[in-house]
Number of protein chains: 4
Amino acid sequence: MSRKNVFVYRFYIPFVDTDAAGVVHFTNYLRYVERAEEEMFRSEDLSYKDVNTKGIWLPRVEAFIRFLRPLRHTDLAEINLWVSDYGEKHVKYCFEIKNLTTNELAAKGHLTIVCAEIGGRATKCPEMMIKKILKYYSEETCE
Amino acid sequence: MSRKNVFVYRFYIPFVDTDAAGVVHFTNYLRYVERAEEEMFRSEDLSYKDVNTKGIWLPRVEAFIRFLRPLRHTDLAEINLWVSDYGEKHVKYCFEIKNLTTNELAAKGHLTIVCAEIGGRATKCPEMMIKKILKYYSEETCE
Amino acid sequence: MSRKNVFVYRFYIPFVDTDAAGVVHFTNYLRYVERAEEEMFRSEDLSYKDVNTKGIWLPRVEAFIRFLRPLRHTDLAEINLWVSDYGEKHVKYCFEIKNLTTNELAAKGHLTIVCAEIGGRATKCPEMMIKKILKYYSEETCE
Amino acid sequence: MSRKNVFVYRFYIPFVDTDAAGVVHFTNYLRYVERAEEEMFRSEDLSYKDVNTKGIWLPRVEAFIRFLRPLRHTDLAEINLWVSDYGEKHVKYCFEIKNLTTNELAAKGHLTIVCAEIGGRATKCPEMMIKKILKYYSEETCE
């Protein structure tokens, strides 16, 4: 099945992200997802910082992740990120984390963000932001 | 409502855990939950290391977290952790993260772990481990 | 030799701080030193946040650390922190990191901070801050 | 002055590395240096993992860093890394961290590693490793 509109981000697993079990510590998986989001923004000439300058932050309000297979030091990882749902004030991302070295699906899940003023109240997301990230909208859902 | 059998772990938010939005980075919340689990083990004279010595690791297989309110540098945080479900090879924890400085619920969710050999196959959890952590079993569920 | 005026901070090594070599990742040692500094402030009823409220931040300008022996998951660590030098605008801390589980000196070094406005210019440290942390001044030097 | 033999690694500062002062937390600078070392190894078809497979680890024994100017979220950073000294069992790296967005030198220092068996005893570094990284040897010293 071809999945159009998915943002793809690849990188090698650094040593610092591993733990004494010899694998990437589970909390780093969500850091990779945020990194992929940042790279997606960057690829669209849209930076967090530009959004922040408008007084808007992008707090995360919900995350779900199923850990399937380990990632190890020096493995080549690939994040697949897409927008599965959005509204005036929120965006729901779905993601898959692949281990290209072992050819296994390492994790999958979702991450929901809102646009918010510094004080914390949800507010409308900048039109430009929504317009740009909808390039990665897909009807394919996730858990 | 009194919630019996809940493990309680308190600590002050360190600077390193904050981000440029002035609040704790969302991925650190799950680190706090793992820390609470370690302290719960320690309080029962049971250490990860003892479990590891038996060739058993405790990989996390699923996490869900709803972020409700921010935690800031120097805030006093309290993790509430309990076992809501378990089997021969897995344990499901529920957790709440409270901000005692603002008197708000900062986050809640669940974290499911399995007992596994280093290679990755799920295996029976050590009886001693299950026996001890069941002190924190509660029928109260979570999302 | 008795070393008066040293602030002592103890904690157990959490799993997340280890790496695939089975030991604490070297960059976490300096995080422990900062944590000890925060606890020292807290013990004197002085918080980073109070200092920040005056528009003053405490950027680190120099660090030196010699890594001597490893720290492992669940080891009991002890940070010894003292002020070895200070001026109107800076404080130099010396530190030792001990592994109380193996009874070895794990690391030692120094960390120099300045008081600075948010923009980055060095400025006078709050008198109250200097007064309070001088409780931990010692003529004993370090590398 | 042209500095031959320097390994150059560039990346954008991710949000997770910042702290509540709005800048990269100081302990992440040394993580960047290790990342640059990993990328240097990778560029020479030499991986930490290959070295580890021979039963050899590369613990860090000494680090010195002078923090000069901040790095902020989305800034483009450039690590310059070179070998300034080496022996049978150790390698001393010098590094500079540049902020290409502000055109400032953000930090400089050194990091010394040894080759060691898992148990901790220093041992001879693999010939292949030394041979390959000497491509980045420079007589230019650092602090």
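Predicted model: local features only at pLDDT ≥ 70, side-chain atom pairs only at ≥ 80, totals over all residues.
Me: What makes Phe11(C) count as buried?
Reply: Buried means under 20% relative accessible area, exposed over 50%, and partly exposed in between (1.4 Å probe, protein chains only). Phe11(C) comes out at 13%, so it counts as buried. The residue sits in strand β1 of chain C; strands are DSSP runs of E of at least two residues, helices are runs of H or I of at least four, and both are numbered from the N terminus.

Me: Which residues is Phe11(C) in contact with, leaving aside neighbours within four places in sequence?
Reply: Contact means heavy atoms within 4.5 Å. By that rule Phe11(C) touches Tyr32(C), Asp75(C), Leu76(C), Ala77(C) and Ile79(C). As for Ala36(C), 25 residues away along the chain, its C-alpha atom is 10.0 Å from that of Phe11(C).

Me: How do you know whether the radius of gyration of chain A agrees with that of a compact globule?
Reply: The radius is taken over C-alpha atoms, and the globule rule is 2.2 Å times the number of residues to the power 0.38. For 143 residues a compact globule would be near 15 Å; chain A has 15 Å, so the two agree. Along the principal axes, its C-alpha atoms fill a box of roughly 40 × 35 × 25 Å. Buried residues make up 57% of the chain, and among contacts with a separation of 6 or more, 69% join residues 24 or more positions apart.

Me: What is the fold pattern of chain A, read along the sequence?
Reply: It runs β-α-α-β-β-β-β-β-β-α, which is three helices and seven strands.

Me: Why is one space called a cavity and another a pocket?
Reply: On a 1 Å grid over the protein atoms alone, a cavity is a set of points where a 1.4 Å probe fits but cannot get out, whereas a pocket is an open set with protein on both sides within 12 Å along at least five of seven lines; lining residues have an atom within 4 Å of a point.

Me: How much space lies in the largest pocket, and which residues lie nearest its centre?
Reply: About 930 Å³, where a volume is the space filled by probe spheres set on grid points joined across faces, edges and corners. Of its 43 lining residues, Val16(B), Asp17(B), Arg31(B), Asp17(C) and Arg31(C) lie nearest the centre.

Me: And the second largest pocket: how much space, and which residues are central?
Reply: That one has about 660 Å³. Its lining has 28 residues, and Ala21(C), Val23(C), Pro70(C), Pro59(D) and Arg60(D) lie nearest the centre. In chain D, α2 (48-53), β3 (60-67) and β7 (116-117) each supply at least two lining residues.

Note on methods: Residues numbered from 1 in each chain as written. Chains lettered and ligands numbered in written order. Heavy atoms only, no water.
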